[in-house]
Amino acid sequence: MSNEIQLTIDGKSIVAKLGQTIVEAARDNNVYIPTLCDFKNLTPAGTCRVCSVKVDGRVVVACGTRVASGMVVENESAEMTDTRKAIIEMLFVEGNHMCPTCEKSGNCELQAIAYHYRITAPRFPFLFPKKSLESVHPLLMLEHNRCIQCRRCVRGIRTKDGKGVFAFKNRSNNIELIMDKSRADDIDDELAAAAANICPVGAIIKKGVGFSTPIGERTFDKQQIGESYGK
Amino acid sequence: MGKKITIEPITRVEGHGKVTIKLDDDNNIVESRLHIVEFRGFERFVQGRPYWEAPVLVQRLCGICPVSHHLAAAKAMDVVVGAGEGNGLTPTADKVRRLMHYGQIFQSHVLHFFHLVSPDLLFGVDGDPATRNIVGVAQQFPELATQGVMMRKFGQEIIKATSGKKIHGTGAIPGGVNKCLTKEDVDNFLHGADPLNIDKMISWASDAVELFKDYHLKNKKFIDEFAYFPSNHLSLVRKGDGALELYDGVLRAVDADGKIILNDVDNQEYHHHIAEGVKSWTYMKFPFLKHLGKEKGWFRVGPLARLNVAEFIPSEKAQREFELFRAYTHGKPNQSSMHMHWARLIEVLHAAEEMKRLLLDPDLTKGDLMTTGTRKGEGVGIIEAPRGTLFHHYKVDPQDHITMCNLIVSTTCNNEPMNQAVNWVARNVIAGNEKVPEHMLNQVEVAIRAYDPCLSCATHAMGKMPLKISLEDQSGNILDEVIKG
């Protein structure tokens, strides 16, 4: 029995492998579905909701929903685009994202997606939550103002003996990223860089790096997010 | 019953401010003040941020001279990261930053002279306000207006090549720079299609100096006497020989007679010599030399002060103009506010010549970009911004957070001088007049404008700025009000 199935995304018929998520199938077929919490080789978490699509009349997260034969996926319809923009705008207003002075600017996936959707201002009022910048390690700072709770660092950053380094404390509005300080000795230069790189928004900062990548050579200076799709 | 004249906002300057002039029953001046009505707060909200963010964050003070804040903060942080001051950087980093700075000086001075000041000179301070603006210049003197636009563009392109963006780039980082120039960049600046090449810029800069000298010759009394007052002058000079130095030097000040009253002070020691006073009616502070006190210790900064303090200019054509400038006052400090424009244009020529010298230097396109050293908890960066001496002072804790920031911005240093200039116009132009027509009020602005103030160090918006003039009695009752714009 073939493990290939057919489904449609925005009316375009595509072939996917059984067991794939909608996001994986879309990527294989050169269709862009934006993601933030999704990261290569990590189990989907569905925390950011940016990949929300409509399947058979229901809104689901594309990173956590497996393809099925004959599935009809609505991705870039006017309604889903607006829903997705609203989700992105909420991520902005729930934190304190000062792109002009942020060292992640140009490498920030949230900023890149906002540019992709040409978001100039959010429809929601800014909440301006009181958050801090915390020096947690000789090599690392946590910039809580920027954290979008995607959990990429929690899932993806492990010490050499496989122990997690990051976690979240509290719930709801008070949720906050923390670093397990008992693992401090296990964080070397390489792991600190990996932690900063896995963060999509600059909530984890490797000290001293700052603005060492010149404008023009940052990730999204070279190619905008989603730009390689559909070509 | 006395009256009060309010000019708010002041036009054709960066940022927002207002002037009040109080007159008694006989129209004598009781008091004149320049008020800065904006509050910025950068010194406070940079606290807690990582030190490497300062050069990018603090430059957001301004959209016209962000490079000056960018470089001053980077210089302070060079000290913090142990890269030392100025010459502690690699030759490539030092030269890329200097080129960025000269591009900035060039474009900012050009913007000021061509866009903001030339209408007063070309149409007269009493010219029709409807045409006494950059649009009027573009219509009646299109060649000159084009020069202004293209010169500014050249400076902006230099900034983009060195910092990544024309406004608010990221080129200077603590300990060095994040990029050097490509050979293509350099070739374009040296040999670009007319008019965007360095030789044309030098030629146009020379023409601008001649334009001013010609105007001066025909309007000697106005240029020499308008807003004339004696003062101290302060600027950086090159360590050792006292040459004009805009990027990295030692602090020197002279009094009205030219006597040195502050002798080659190291940047890190500035706070032992300079303090700031406050007054209840303005958000802008009043810097002064501590050993002379608040009353006698205030000083002017900017092009006029720099040319009064420097021994010579280390570029050929600008040096020739400098000699004429100094000879005009027989070697004594020049005290005429309107000669600020003359000095500014000589600096435009100097900046153009320096840019060419740097563009011909092979270090600009290759070599190490960064220097590291032993961390310190404190750093001061001082630079000559277009408008004058700019001080950045930071303290950083062992966890890399900024704990203290003190900024003394160029325009702040010129606070007392601008008040003196306003007072001169009030006493010599406005006093004794029953009616105060528009051209008299414009002369208040002309005096302030000579200092090219960046009143908020805020972004500048082209467009209609309303001018509100109200006449009030001493109880604050509005007797008459005119709103333009």
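Analyst: Chain B is assigned domain 1 (3-36 + 417-484) and domain 2 (42-413); the bounds come from an automatic or database domain assignment. This is a predicted model: local features need pLDDT of at least 70, side-chain atom pairs count only at pLDDT 80 or more, and totals for chains, interfaces and linings use all residues. Residues are numbered from 1 along each chain as its sequence is written, with chains lettered from A and ligands numbered from 1 in the order in which they are written.

User: How many residues does each domain of chain B give to the contact?
Analyst: Domain 1 of chain B gives 27 residues and domain 2 of chain B gives 29. Contact means C-beta atoms, placed from the backbone, within 7 Å.

User: Which element gives the most on the domain 1 side of chain B?
Analyst: α16(B), with 7 residues. Helices are DSSP runs (H or I, at least four residues), numbered from the N terminus.

User: Switching topic. At what angle do α12 and α13 of chain B pack?
Analyst: About 160°, with the axes 8 Å apart. Axes are lines fitted to C-alpha atoms over the stretch in contact, and angles run from 0 to 180 degrees between N-to-C directions. So α12(B) is roughly antiparallel to α13(B) (angles over 145 degrees).

User: Which residues of α12(B) make that contact?
Analyst: E316(B), K317(B), A318(B), E321(B), F322(B) and F325(B). Among the α13(B) partners are W342(B) and I346(B).

User: And how many residues of chain A are in contact with chain B?
Analyst: 16 residues of chain A, against 20 of chain B.

Note on methods: Two residues are in contact if their C-beta atoms, placed from the backbone, lie within 7 Å. Helices (H or I, at least four residues) and strands (E, at least two) are DSSP runs, numbered from the N terminus. Angles under 35 degrees count as roughly parallel, over 145 as roughly antiparallel, 65 to 115 as roughly perpendicular and the rest as oblique.
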